[in-house]
Amino acid sequence: MVADNPLLKHDQLPPFDDITPEHVVPGISQILDEMLGKFDEHERSIEPTWNSAVREVTRIQHPLNYAWGIVAHLLAVRNSPELRTAYEEVQPKVVDAALRISMSKPRYRALRELTESQDWDRLPEPQRRIVEIEVRDAELNGVGLEGEKAERFTEIERELSSLSTKYGNNLLDATKSYELWLHSKDEIDGLPENLLQRLAEAAEKKAQEKDEKLEASTESGPWLVTMDGPVYLPFLQHAKRRDLREKVLRDSVVLASEGDFDNQPVIDAMLKLRLERANLLGYKTHAEVSLARKMAPSVEAVDDFQEQLRTASYAKAQEEWKTLEDFAREELGDPAFEMLHWDLMFWSERYREKHLDISTEELRPYFPLDKALDGLFEITNRLFGVTVKPAPGEARGWHPDVMFFQVFEESGEHIASFYFDPYSRPAEKRGGAWMNELWGREVNEDGSVRTPVAYLCCNQTPPTSDAPSLMTFGEVSTLFHEFGHGLQHMLTAVDFPEAAGMTNLEWDAIEVCSMFMQEWVYDRKTILGLAKHYKTAERLPEAKFDKLVAARTHMAGYGMLRQVFLGALDMEIYHRLDPSGAVKPNDRVQEMAPAYSLIDPLPENRFICQFGHIFSGPYAAGYYSYKWAEVMSADAFAAFEEAGADPDALGKTGRKYKETFLQLGATRPPAEVFREFRGRDPQIEPLLRRYALI
């Protein structure tokens with residue numbers, strides 16, 4: 001019965017374990033019909049006032065935002081053929097409905113009239129900024145188009161939405177289908193015990209999926225290598241068999257570029273459509289459209305910024321590469337050894353072990369998930385005065401591993417909640433890590449507050465049969481990063497959902513708070529407080545922490561260069577590449593590589609087919625945002641370094657950061673928020689010092 005559909009109950013935490021693909025089509029269809037009916041009626045009498053042109057429209061859209069957000073979330077964490085089919089059936093209708101509202105000319109006129117009315121100056125600044133953003137977005141959503149152009153714009157939006165989903169599904173399916181079976185001891189030489197157990201468990205699970213019986217063990221195998229991040233990356237770090245590293249690396253760079261999961265035609269279609277859409281709006285390229293919503297003033301400004309980082313890191317990266325290659329030659333006793341793509345991670349890890357006396361695997365026992373969470377919540381309390389508490393039984397998750405937490409102010413007031421889905425599940429959950437929202441903060445007319453609720457999703461190493469989830473230091477860093485996003489969503493003090501948390505925040509400022517929290521994994525008090533051996537409860541030795549900090553700059557120039565390359569490539573294909581021309585994105589990778597890479601890409605390299613950030617994610621012509629935001633986050637963190645160990649100074653700085661970055665949302669431009677916190681514009685030097693590039 002539609003009446004029992006959980007997607008229709010948009011004023012409660014979802015009963016995720018009851019939601020099935022069968023709910024999607026009838027539930028979303030009913031919501032769309034009701035929403036469009038209400039909007040049509042409202043549109044006929046819309047007035048140039050805040051309540052009529054903004055608040056009421058937000059209320060009308062809330063049921064769809066709630067339900068469709070749930071469906072999209074489940075597609076990311078509990079993917080299945082049935083859910084895909086249901087999602088794809090209603091997706092065009094959702095796109096059309098969103099465009100129906102965003103391209104509403106009566107609403108657009110009401111918003112413009114509001115900006116010119118006597119009431120405008122009486123509106124508080126946050127509300128004026130929201131209206132200005134709504135006007136801008138309406139124009140970028142085609143409100144000025146008429147007739148065939150408007151119809152074509154709608155078609156493009158619908159096609160792009162479908163292609164984005166297809167790209168993500170292809171990548172998920174290609175990752176899920178990859179198998180490299182190992183059967184002999186020499187094939188697993190060098191692999192740590194933790195990884196071997198994962199490979200054995202992966203082998204048993206794959207056999208079960210095929211309805212086959214298989215008993216695999218850490219000692220005797222067989223072992224299955226997958227493209228799941230917690231498997232693929234450690235394999236390249238530790239496998240002594242160079243030929244196997246080569247195979248896995250070569251396989252990885254063609255993932256999702258062949259056969260049934262080929263993303264190359266998807267990319268070609270998306271690039272053409274995004275350019276056509278930009279031209280319809282009067283822009284020359286998609287990059288220009290993208291930057292209309294960002295802090296960066298122009299493509300040229302982005303180019304100059306990325307070139308500054310490239311110049312600062314290239315010589316250091318060359319030095320790092322030579323050091324690593326010389327080290328490998330010495331260890332192998334082979335002065336002619338040439339380091340290739342599949343050698344970088346392996347020899348980088350060996351160098352860390354020998355010269356920095358620290359390895360990825362030896363740190364794992366000190367980072368069980370529960371202790372990492374305790375440390376994360378402790379620093380959050382110390383800096384911002386909020387308390388995070390587990391709330392088992394308060395919400396129903398989409399998987400047994402999902403946890404639920406509540407956040408409280410110093411006064412004891414409950415201010416937010418979040419779901420936490422920590423572990424990798426390659427058969428149904430997309431890769432990477434992310435934060436998303438169920439809903440944001442809103443103050444109702446009666447003064448009651450709807451407190452924000454977030455989703456935090458990671459893909460870290462799951463527990464095994466005889467050990468809890470033991471995290472790499474990188475996974476701890478990722479956890480802090482995503483929680484930084486969550487804090488900006490959950491600690492907002494904005495009363496209007498149109499600008500609360502990260503809603504309508506310029507995209508090149510989105511990563512500031514996440515990267516800021518990530519800085520605390522190198523804070524002595526934080527890490528020594530949380531890092532405890534899961535068996536002995538022994539704390540991480542201070543000497544190891546010092547080495548961990550020292551290792552931060554290991555291959556830092558190379559890492560910076562890699563990120564700048566991705567940002568430059570993104571801007572190249574969305575601003576300079578002719579999508580109808582003979583030169584394809586993969587060709588651009590090969591052409592641009594000499595300026596950014598210390599080794600030419602493999603001829604078959606088609607990693608662009610896995611560059612989900614700019615095709616199935618929101619970073620198209622915006623990947624530079626990571627470094628743009630990192631400049632601000634490093635400079636913001638420098639304020640805490642300047643405060644030193646004095647708890648009063650640290651607390652004062654933390655409260656100021658909370659009152660600006662975490663609470664103001666999109667009610668003020670990010671540059672102004674930074675200046676209020678720091679007293680000046682951001683400087684690039686703290687970031688370059690962080691990575692020993694100056």
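**Notes on the predicted model**

1. Phe-496 has a relative accessibility of 19% and therefore counts as buried, the cut-off being under 20%. This residue sits in the loop that runs between α16 (473-490) and α17 (512-518). The model is a predicted one, and the points below should be read with that in mind.

2. What does Phe-496 touch, apart from residues up to four places away in sequence? Its partners are Trp-50, Pro-126, Gln-127, Ile-130 and Arg-441.

3. Next, the pair α2 and α3. Helix α2 covers residues 50-77 and helix α3 covers residues 81-102; the two pack with their axes 11 Å apart and at an angle of about 155 degrees. Because angles over 145 degrees count as roughly antiparallel, α2 is described that way relative to α3. Their crossing is left-handed.

4. On the α2 side, the contact with α3 is made by Val-57, Gln-61, Leu-64, Trp-68, Val-71, Ala-72, Leu-74 and Leu-75. From α3 come Leu-83, Arg-84, Tyr-87, Val-90, Gln-91, Val-94 and Ile-101. By class, the residues of this contact are twelve nonpolar, two polar and one charged. As background to such lists, an α-helix has 3.6 residues a turn, so residues three or four places apart point the same way.

5. The crossing of α6 and α10 is left-handed.

6. Which residues make the contact between α6 and α10? Helix α6 contributes Lys-149, Arg-152, Phe-153, Ile-156, Glu-157, Glu-159, Leu-160, Leu-163, Ser-164, Lys-166, Tyr-167 and Asn-170. Helix α10 contributes Val-266, Ile-267, Ala-269, Met-270, Leu-273, Arg-274, Glu-276, Arg-277 and Leu-280. The residues of this contact divide into eleven nonpolar, two polar and eight charged.

7. Helix α20 takes in residues 556-575, 20 residues in number. From first C-alpha to last, α20 reaches 28 Å, close to the 28 Å expected at 1.5 Å a residue. Is α20 mostly covered or mostly open? Mostly covered: 16 of its 20 residues are buried.

8. Some backbone details deserve a look. Gly-221 and Pro-222 are joined by a cis peptide bond, with omega at about -5 degrees. Pro-222 belongs to the loop between α7 (193-209) and β2 (223-225). Asp-211 is in the loop between α7 and β2 as well, and has a positive phi of about 60 degrees although it is not a glycine. Asp-211 is exposed, because its relative accessible area of 74% is over 50%.

9. Ala-621 is another residue other than glycine with a positive phi, near 55 degrees. Its place is in the loop between α22 (612-615) and α23 (625-643). Is Ala-621 buried or exposed? At 0% relative accessibility, Ala-621 counts as buried.

10. Asn-586 lies in helix α21, which spans residues 585-596. With a relative accessibility of 15%, Asn-586 counts as buried. Setting aside neighbours within four places in sequence, its contacts are Gln-264, Asn-605, Arg-606 and Ile-608.

11. Arg-678 is part of helix α25 (residues 670-678). This arginine counts as buried, at 15% relative accessibility. Beyond its neighbours within four places in sequence, Arg-678 is in contact with Asp-635, Ala-636, Ala-638, Ala-639 and Glu-642. Tyr-419 is 259 residues apart from Arg-678 along the chain, and their C-alpha atoms are separated by 32 Å.

12. Lastly, Asp-11 is found in the segment before α1 (24-44). Asp-11 counts as exposed, with 65% relative accessibility.

Terms used: Residues are numbered from 1 along each chain as its sequence is written. This is a predicted model: local features need pLDDT of at least 70, side-chain atom pairs count only at pLDDT 80 or more; totals for chains, interfaces and linings use all residues. Side-chain values use heavy atoms; hydrogens and water are left out. Helices (H or I, at least four residues) and strands (E, at least two) are DSSP runs, numbered from the N terminus. Buried means under 20% relative accessible area, exposed over 50%, partly exposed in between (1.4 Å probe, protein chains only). Contact means heavy atoms within 4.5 Å. The expected span of a helix is 1.5 Å times one less than its number of residues. Axes are lines fitted to C-alpha atoms, for helices over the stretch in contact, and angles run from 0 to 180 degrees between N-to-C directions. Angles under 35 degrees count as roughly parallel, over 145 as roughly antiparallel, 65 to 115 as roughly perpendicular and the rest as oblique. A crossing is left-handed if the near helix is turned anticlockwise from the far one by less than a right angle, and right-handed if clockwise. Ala, Val, Leu, Ile, Met, Phe, Trp, Tyr, Cys and Pro count as nonpolar, Asp, Glu, Lys and Arg as charged, and the others, Gly among them, as polar.
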